[in-house]
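Hi everyone, thanks for coming. Let's take a few minutes to walk through a structure together, so please have a look at the screen.

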Amino acid sequence: MKFLDEAKIFVKSGDGGAGCVSFRREKFIEFGGPDGGNGGRGGDIIVEVVPNLNTLIDYRYQQHFKARRGYHGMGKQRTGQDSEDIVMRVPVGTQIFDEDKETLLFDLTKPGERIVLCRGGDGGFGNAHYKTSTNQSPRQAGQGWPGEERWIWLRLKLIADAGLVGLPNAGKSTMLAAVSRAKPKIADYPFTTLKPQLGVVHVDEREFVMADIPGLIEGAHEGAGLGTKFLGHVERCRVLLHLVDGTEEDVAASYKTIRKELKSYSAELAEKPEILALNKCDALTEEEIEEKAAKLKKAAKLKKGQVVYRISGAAGIGITELMRTLLGVIDSEKAREAAESQDMSQGIEINA
């Protein structure tokens with residue numbers, strides 16, 4: 001299945017059905033009176049989050065979604081049937097923006113979440129509704145209220161526990177293939193990965209989701225290379241695994257390039273917990289590993305107790321220890337998020 005993380009679509013809910021002008025005419029009923037029924041309600045446009053999707057490719061081939069109009073009212077005070085709703089299914093992590101592409105309308109992060117994007121119009125009243133003591137034979141009926149319509153942008157930001165970042169050819173795809181059952185394309189040239197890949201990592205009978213983000217280059221936050229197209233996918237990650245190619249001449253410069261792009265794109269993204277790893281150590285001597293790890297530690301300004309992990313995704317060196325460290329950070333972040341959520345809910349209750 002192709003990966004698509006952005007789509008522009010047009011949505012329109014159904015108009016309300018028209019009311020009916022009708023009079024009761026039956027034998028032996030002298031004063032029949034009006035009996036026109038009301039129109040039915042137009043269909044809603046509903047967005048539903050489903051857990052087994054990870055792309056917006058369905059909206060590449062259909063960009064217009066229009067719900068049916070409500071059915072018209074009929075005689076004998078029969079109300080028209082409400083029209084069927086249109087349910088649009090999207091992946092977890094989908095954001096809905098207004099036509100200007102800047103105004104965020106909804107941020108859908110929970111499986112099973114449903115929102116009504118456009119409400120259908122109410123049906124018009126039949127002439128039975130307008131009957132009064134002074135107007136006992138009304139010949140008027142409502143035409144139904146119009147539905148809502150708008151152009152919107154769907155933007156997908158994948159939800160993963162850990163995100164792999166680094167320059168092209170840093171070994172991110174090899175790492176994902178080594179720790180999960182994902183099968184990303186692996187080759188010896190830059191920009192092998194052209195779309196984010198997700199993999200489930202199993203550690204000590206536990207698991208977490210890791211995302212391989214296409215390689216970033218200098219100026220990515222301004223659109224260079226793959227640019228901002230995929231930077232947004234790491235915004236939802238709880239921890240970043242920053243891989244640096246150990247075979248590079250200046251590993252410190254490689255590290256600083258990515259950190260500069262993350263900070264330029266989003267200050268919040270740059271403040272996320274980060275695990276730093278020197279990759280491809282199987283191609284280095286012990287002296288080179290120590291020298292380059294020291295340079296990385298100085299460039300990253302690591303605090304006491306923080307280390308630069310020496311690993312090799314291809315040879316499987318240091319992978320288990322690294323994954324356990326990632327899992328520990330993920331657990332800490334989940335606990336912090338749960339505490340913040342509880343504090344917010346308590347604050348709302350107090351204010352109420």
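I'll talk about a sheet and then about some salt bridges.

A quick note before we start: this is a predicted model, where local features need pLDDT of at least 70 and side-chain atom pairs count only at pLDDT 80 or more, while totals for chains, interfaces and linings use all residues. Residues are numbered from 1 along each chain as its sequence is written, and side-chain values use heavy atoms, with hydrogens and water left out.

First, the sheet. Strands are DSSP runs of E with at least two residues, helices are runs of H or I with at least four, and both are numbered from the N terminus. Two strands pair if DSSP finds at least two bridges between them. Here, five strands make an open sheet in the order 3-1-8-5-6, with mixed pairing. Strand 3 (64-66) and strand 6 (104-108) are at the edges with a single partner strand each, so one side of each has no neighbour in the sheet. Strand 5 (residues 94-97) pairs with strand 6 in the antiparallel sense over four bridges, and Thr 94 has Leu 108 as its bridge partner in strand 6.

Now, salt bridges: a side-chain nitrogen of Lys or Arg within 4 Å of a carboxyl oxygen of Asp or Glu. The count comes to 17. One of them joins Glu 48 and Arg 114, with the closest N and O atoms 3.4 Å apart. Glu 48 sits in strand 2 (residues 45-50) and Arg 114 in strand 7 (residues 114-118), 66 residues apart.

Is Glu 48 buried or exposed? With buried meaning under 20% relative accessible area, exposed over 50% and partly exposed in between (1.4 Å probe, protein chains only), Glu 48 is buried at 17%, and Arg 114 is partly exposed at 46%.
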